[in-house]
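These are my notebook entries on one protein model. I set down what I looked up, entry by entry.

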Amino acid sequence: AHWQYLSLLYYIVLYSTHRQSVMSVMQPARLLAKCVPRCIGCVPSRGVGSLPGFTAAHLADKGYWDKRYGGQRGAFDWLADGDCTLEYVLPYVKHGARVLDMGCGTSSFAVKLCKTCPVPVHVVCLDFSVEGLKSTQDMFEEAFSKDVMNNFSVHFVQADATKTPLKANMFDVILDKGTTDSVLKLDDEEKALSMAKKILNESLRLLSDGGVYIQITDEDPDLRMSLLNDLMSKGCSKNNVSISHRKISEEDSWEYYMYVLSINNE
């Protein structure tokens with residue numbers, strides 16, 4: 001019943017372990033999503049090589065991600081890996097929590113969450129790339145038997161992260177692992193900041209009272225806290241928001257941080 005208001009304005013790719021059924025219906029979406037380190041040339045390929053003719057400025061380009069994901073099979077985690085992400089996000093997931101993986105791409109996080117979470121959880125994987133959603137749906141089909149009743153439900157939604165078809169106050173946890181970073185790579189700084197603000201506003205709109213919006217990025221606190229405070233000061237959909245941060249992992253010369261925006265109950 002919690003998911004009946006997923007809008008029909010956008011097609012939904014649904015894998016429901018409760019119904020033991022798979023339905024795949026897709027349509028093209030507009031702009032936005034997925035993950036990103038600072039420089040695309042610095043990203044370890046791990047089987048997913050850089051695409052000729054593309055630069056970091058293309059990381060907010062749907063065509064780039066469709067091509068990249070179209071040539072990829074299995075999970076690929078940008079920034080912190082799935083296990084590290086799960087370790088730091090899981091404490092926020094309570095019984096029956098509704099979790100949105102915003103710009104999921106082909107991250108292993110959602111599968112790992114559904115395998116590991118000790119309490120019932122409802123997950124929505126959202127991305128604007130059809131190919132990314134197809135791959136993630138395949139990972140779920142491989143990881144879970146449709147003949148077994150599992151402790152979770154998962155839906156796949158193709159949509160623009162700046163304006164989703166989802167109901168306000170719907171989620172207890174929203175994960176943005178590099179999605180905001182991707183739009184900040186645009187050459188047009190004004191457009192980049194505008195899109196980052198839209199993602200922030202949309203995430204806060206979707207967040208329930210007492211919920212948390214989590215950004216995972218390689219951007220250090222001096223830069224990201226300044227950005228978040230600046231975007232918040234220009235008006236957002238909710239005012240009772242606090243921000244905390246911590247370093248969560250370090251790989252070679254890269255450091256990864258988690259920023260937690262909490263909706264405080266008044």
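Entry 1, helix 3. I began with the buried residues of helix 3, which are Phe109, Ala110, Val111, Leu113 and Cys114. I took buried to mean under 20% relative accessible area, exposed to mean over 50%, and partly exposed to mean in between, with a 1.4 Å probe and protein chains only. Helices (H or I, at least four residues) and strands (E, at least two) are DSSP runs, numbered from the N terminus. The model is predicted, and I noted that local features need pLDDT of at least 70, that side-chain atom pairs count only at pLDDT 80 or more, and that totals for chains, interfaces and linings use all residues. Residues are numbered from 1 along each chain as its sequence is written, and side-chain values use heavy atoms, with hydrogens and water left out.

I then asked what covers the buried residues of helix 3. The cover includes helix 2 (82-89), strand 3 (97-102), strand 4 (121-127), helix 4, strand 5 and strand 6 (171-177). Contact here means heavy atoms within 4.5 Å.

I looked up Asp101, which is found in strand 3. Asp101 counts as buried, because its relative accessibility is 4%. Leaving aside neighbours within four places in sequence, Asp101 is in contact with Phe109, Ala110, Val124, Cys125, Leu126 and Leu175.

Thr116 has its place in helix 3. Is Thr116 buried or partly exposed? At 40% relative accessibility, Thr116 counts as partly exposed. Not counting residues up to four places away in sequence, Thr116 touches Leu86 and Leu90. The C-alpha atoms of Thr116 and Leu90 are separated by 8.9 Å, and the two residues are 26 apart along the chain.

Two packed helices are described by the angle between their axes and the distance between the axes. I found that the axes of helix 3 and helix 4 come within 10 Å and cross at roughly 30°. Axes are lines fitted to C-alpha atoms, for helices over the stretch in contact, and angles run from 0 to 180 degrees between N-to-C directions. Helix 3 and helix 4 are therefore roughly parallel to each other. Angles under 35 degrees count as roughly parallel, over 145 as roughly antiparallel, 65 to 115 as roughly perpendicular and the rest as oblique. On the side of helix 3, the contact is made by Ala110, Val111, Cys114 and Lys115, and on the side of helix 4 by Met139, Phe140 and Ala143.

A nonpolar core is a set of buried Ala, Val, Leu, Ile, Met, Phe, Trp, Tyr and Cys residues joined through side-chain atoms within 4.5 Å. Which members of the largest core touch the most other members? I recorded Val93, Val99, Leu113, Val123, Phe140 and Ile214, out of 35 residues. Helix 3 (residues 109-116) supplies the largest share of this core, five residues. A second, separate core has 33 residues, including Leu207, Met225, Val241 and Leu261.

Entry 5, aromatic rings. Rings of Phe, Tyr and Trp (its six-membered ring) pair if their centres lie within 6.5 Å; planes under 30 degrees apart count as stacked, over 60 as edge-to-face and the rest as tilted. By this rule I counted five aromatic pairs. Phe140 and Phe152 form a tilted pair, at 6.2 Å centre to centre and with 55° between the planes. Phe140 lies in helix 4 (residues 130-143) and Phe152 in strand 5 (residues 152-158), so the pair ties together parts that are 12 residues apart in sequence. Phe140 is buried at 0% relative accessibility, and Phe152 is buried at 2%. Ring pairs also link Phe140, Phe144, Phe152 and Phe156 into a cluster.

Helix 6 (residues 189-206) and helix 7 (residues 221-233) pack at an angle of about 75°, with their axes 10 Å apart. Helix 6 and helix 7 are therefore roughly perpendicular to each other. Leu193, Ala196, Lys197, Leu200 and Leu204 in helix 6 meet Leu227, Leu231 and Met232 in helix 7.

Of its 266 residues, 56% count as buried.
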